[in-house]
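Please open the structure in your viewer and keep the selection tool at hand.

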Amino acid sequence: PLSGKTAIITGSNSGIGLGIARELAKAGANVVLNSFTSSKEDHALADEITQVTGNEARYIQADLSKGEDARRLIETAGKCDILVNNAGIQHVAPIDEFPVEKWDQIIAIMLNSVFHTTAAALPMMRAAGWGRVINISSAHGLTASPYKSAYVAAKHGVVGMTKVVALETAQEPITANAICPGYVMTPLVESQIPDTMKKYDMDRETVIKEVMLERQPSKEFATTEQLGGVATFLCSDAATQITGTTISVDGGWTAL
Ligand code: NAD
């Protein structure tokens, strides 16, 4: 159903972004992968998607902490029917000890870049007569946790930005929505399990259910494939009137 469409997914050489790129490519889209690196492995991910799906996949390096790079990513791709703003990082510290450069970096990558990519992509969507903006926010775009000031502020900001984009495009064939995941099983999350097991002297199962998924009532991680499926749904005809809202994929976190 997405054949002929081009999807640009920021921060997609791992985790959720890569999962979304794979699912959009399976649904027929040509995809553009991105991160701030430009390694053999990065380009190989694009080749693998092309081999598996038969659709065009490219990798474009751009450091989204820089506004000009964010705009260059969209311009280099040349076409953007589906924009998935996904790139993100985390830093945990109390506000009065939060490093200023970490605050600036998190706001730049996770909030400012969404402004720049959206500004560059909307004219392309208007020219094509169809568009989807999908912002990857978080359960932390709707609720807070201590010590995550920059992350929570950026993710709430993304939800607000999503609503504005939806209103500015409300009478056009363009929608803008945010997906708010709870905990998703990614290599990053997986890599935290051994240390957490040691720290609490717990087995793997207990660490997952009682520490990591403490706030996720389902006691299950979401998967990157599921997030790819939700993004694909937002590109479907059924989702035409869904705009300016959030879809939680959090096992009940925000219902608590
Ligand atoms: P990840 O570390 O696997 O992915 C982050 C991606 O962002 C990577 O591809 C990384 O290369 C890229 N990135 C980082 N800095 C960048 C920069 N300066 N320029 C370009 N790309 C950059 O982590 P993930 O869990 O897949 O996270 C993806 C998104 O999902 C993030 O926005 C994150 O906040 C959000 N999220 C994740 C979870 C979770 O449990 N994993 C939950 C809610 C929201």
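**Two helices in contact**

Begin by selecting Leu18, Ala21, Arg22, Ala25 and Lys26 in H1, which meet Leu45, Ile49 and Thr53 in H2 (contact requires C-beta atoms, placed from the backbone, within 7 Å; helices are DSSP runs of H or I with at least four residues, numbered from the N terminus). By class, this contact of H1 with H2 has five nonpolar, one polar and two charged residues (Ala, Val, Leu, Ile, Met, Phe, Trp, Tyr, Cys and Pro count as nonpolar, Asp, Glu, Lys and Arg as charged, and the others, Gly among them, as polar).

The model is predicted: local features need pLDDT of at least 70, and side-chain atom pairs count only at pLDDT 80 or more, while totals for chains, interfaces and linings use all residues. Residues are numbered from 1 along each chain as its sequence is written.

Next, select residues 15-26 (H1) and 40-53 (H2), whose axes come within 10 Å and cross at roughly 30 degrees (axes are lines fitted to C-alpha atoms, for helices over the stretch in contact, with angles from 0 to 180 degrees between N-to-C directions). H1 is therefore roughly parallel to H2, a term for angles under 35 degrees.

**Around the ligand**

Now select Gly11, Gly15, Ile16, Ser35 and Gly88, the closest of the 25 residues that surround the ligand (C-beta atom, placed from the backbone, within 6 Å). H1 and helix H6 (187-200) are the elements that give two or more residues to this shell, and H1 provides the largest share, three residues. By class, the shell has twelve nonpolar, twelve polar and one charged residues.

Conventions. Parallel < 35°, antiparallel > 145°, perpendicular 65-115°, else oblique.
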